[in-house]
Amino acid sequence: MSETLRPLILVCNDDGFYSPGIQKLTEVAQRFGEVRVIAPDRQQSAVGHSITISQPLRANKVKMPSGLDATAVNGTPADCIKLAHDKLMDRKPDLVLSGINHGSNAGINIIYSGTVSAATEATILGYPAIAVSCSDFDEDADLSGCADAASRVIQFVLKNGLPKGVTLNVNAPAGPLKDLVWTKQADSRYVEEYDGRVDPFNRPYYWMTGKFELLENGSDLDVSVIDEGKASVTPIQYDLTAHGFFHEIKKNVL
Ligand code: MN
């Protein structure tokens, strides 16, 4: 019998290599293959698709709190994936996972998310990629449902692959998995409620406390599905062209 290599799975996140969420996702990934954890060395939530261009990146061998080996990078989630792809891996991954993020990455959160951007960067580089988030910010939240949802989506992707340019964005509430459904990104935004205060030197400062506002309703929307206590999986793409409008507008002469 010939020996086949187990799938190589790269795991990243935006909360840092020490977070409970990446620990949980690493445990899930280990059921499916050989795992490498390459993640930011510090909290990088809401950095979006930012990359580091004006300072050197360092990649240091570290131990996760569980004792697992990981590589910590002094950069963003997208930096981690780019560096992993170009320099840090002895063979290319078969799958890239990002998460489990502590906090929802549904609706407009997708665009601010470092977690999703790690997965998106992997998609850009040609790897099947899945972002996984728990809608509960609490680092002590029960991630079992997120882990079960991730497990089902990983099986699906390892079996079926993903079309070029498509990333899967998984969100689940804390607690056991109730259901897992395909969804669309809900139109939503933050009502930017900055808390304005005054520092000890009498200068004003502002702290973002934005309130999430849902701008549409529908049973197939990520935010709605999560609100019903179910897990959501949304196919997303980094191609930002407004395709529908492009077909309309191109009839006009400029
Ligand atoms: Mn985060």
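Predicted model: local features only at pLDDT ≥ 70, side-chain atom pairs only at ≥ 80, totals over all residues.
Now turn to helix H2, which covers residues 77–88. Its 12 residues would reach 16 Å as a straight helix at 1.5 Å a residue, but the end C-alpha atoms are only 14 Å apart. The buried residues of H2 are Pro77, Ala78, Asp79, Cys80, Ile81, Leu83 and Ala84. Their cover includes strands S1 (8–12), S2 (34–40), S3 (59–63), S4 (69–73) and S5 (95–102), together with helix H4 (114–124).

Let us finish with the aromatic rings, where the structure holds four pairs. In one of them, the rings of Phe17 and Tyr18 have centres 5.3 Å apart and planes at 75°, which is over 60 degrees, so the pair is edge-to-face. Phe17 counts as buried because its relative accessibility is 13%, whereas Tyr18, at 38%, is partly exposed. Tyr190 and Phe212 also form an edge-to-face pair, 5.5 Å centre to centre with 70° between the planes. This pair links distant parts of the chain: Tyr190 sits in strand S9 (residues 188–191) and Phe212 in strand S12 (residues 211–214), 22 residues apart. Phe212 has 31% relative accessibility, so it counts as partly exposed. Together with Tyr112, the residues Tyr190 and Phe212 form one aromatic cluster.

Terms used
Residues numbered from 1 in each chain as written. Heavy atoms only, no water. Helix = DSSP H or I, 4+ residues; strand = E, 2+ residues; numbered from the N terminus. Expected span 1.5 Å × (residues − 1). Buried < 20%, exposed > 50% of the residue type's maximum accessible area, 1.4 Å probe, protein only. Contact = heavy atoms within 4.5 Å. Phe/Tyr/Trp six-rings, centres within 6.5 Å; stacked < 30°, edge-to-face > 60°.
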